[in-house]
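Here is a short briefing on one chain. Please look over the sequence and the model before reading on.

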Amino acid sequence: TLSIIELARLAREQGAKVIAMTGSVETPLFDYADVVIKIETLDNTELFTPTTSRIAALVAGDILSTLVARRLGAAHIQRLVRMKRYLSQMRKNTLF
């Protein structure tokens, strides 16, 4: 979505490395990512597959973000706190 692309652009402007997890490498997000991880979601196979594949993608994101945060260590805690506040505020201002 456009908001994800905008967040990736802002992150790069702030000097962050951007890791994009997407179902396709043919996306505008590719232009803003340092690393692209393709995570295919299978939405067309059976009744419960869409939920299962989306949960698997979320798990991959959680694992990746935890590993990166642990590797960065305490020196980057404030940056992570600011990022989480920004994302929280963004969600509150978004209509679904």
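Where is the place of V35? V35 sits in strand β2. This is a predicted model: local features need pLDDT of at least 70, side-chain atom pairs count only at pLDDT 80 or more, and totals for chains, interfaces and linings use all residues. Residues are numbered from 1 along each chain as its sequence is written, and side-chain values use heavy atoms, with hydrogens and water left out.

**Fold**
- The chain has three helices and two strands.
- Along the sequence, the pattern reads α-β-β-α-α.
- Helices (H or I, at least four residues) and strands (E, at least two) are DSSP runs, numbered from the N terminus.
- Of the 96 residues in the chain, 14% are buried.
- Buried means under 20% relative accessible area, exposed over 50%, and partly exposed in between (1.4 Å probe, protein chains only).

**Nonpolar surface patch**
- I19, M21, V35, I37, V68 and L72 form a nonpolar patch on the surface.
- Together they have about 420 Å² of accessible area.
- β1 (19–22), β2 (35–38) and α2 (49–72) are the elements that give two or more residues to this patch.
- V35 is partly exposed, at a relative accessible area of 42%.
- Patches are made of residues with over 30% relative accessible area and no salt bridge; like charges are joined within 9 Å, nonpolar side chains (Val, Leu, Ile, Met, Phe, Trp, Tyr) within 5 Å.
- Accessible areas come from the Shrake-Rupley method with a 1.4 Å probe; for residues, only the protein chains shown count as cover.

**Largest pocket**
- The largest pocket holds about 2200 Å³ of space.
- Its lining has 41 residues, of which L7, I19, S65, M83 and L87 lie nearest the centre.
- Elements giving two or more residues to the lining are α1 (2–13), β1, α2 and α3 (77–92).
- α2 gives the most, with 10 residues.
- The lining divides into 24 nonpolar, 10 polar and seven charged residues.
- A pocket is an open set of points on a 1 Å grid over the protein atoms alone, where a 1.4 Å probe fits, with protein on both sides within 12 Å along at least five of seven lines; lining residues have an atom within 4 Å of a point.
- Grid points are joined across faces, edges and corners, and a volume is the space filled by probe spheres set on the points.
- Ala, Val, Leu, Ile, Met, Phe, Trp, Tyr, Cys and Pro count as nonpolar, Asp, Glu, Lys and Arg as charged, and the others, Gly among them, as polar.

**Salt bridges**
- The structure holds three salt bridges, each a side-chain nitrogen of Lys or Arg within 4 Å of a carboxyl oxygen of Asp or Glu.
- R9 pairs with E6 at 2.4 Å, N to O; both lie in helix α1, three residues apart, about one turn of the helix.
- E13 pairs with R9 at 2.2 Å, N to O; these two also lie in helix α1, four residues apart.
- E13 is exposed at 53%, whereas R9 is partly exposed at 26% and E6 is partly exposed at 32%.
- D34 and R12 meet in a salt bridge at 3.6 Å, N to O.
- D34 lies in the loop between β1 and β2 and R12 in helix α1, so this pair ties together parts that are 22 residues apart in sequence.
- D34 is partly exposed at 35% relative accessibility, and R12 is partly exposed with a relative accessible area of 35%.
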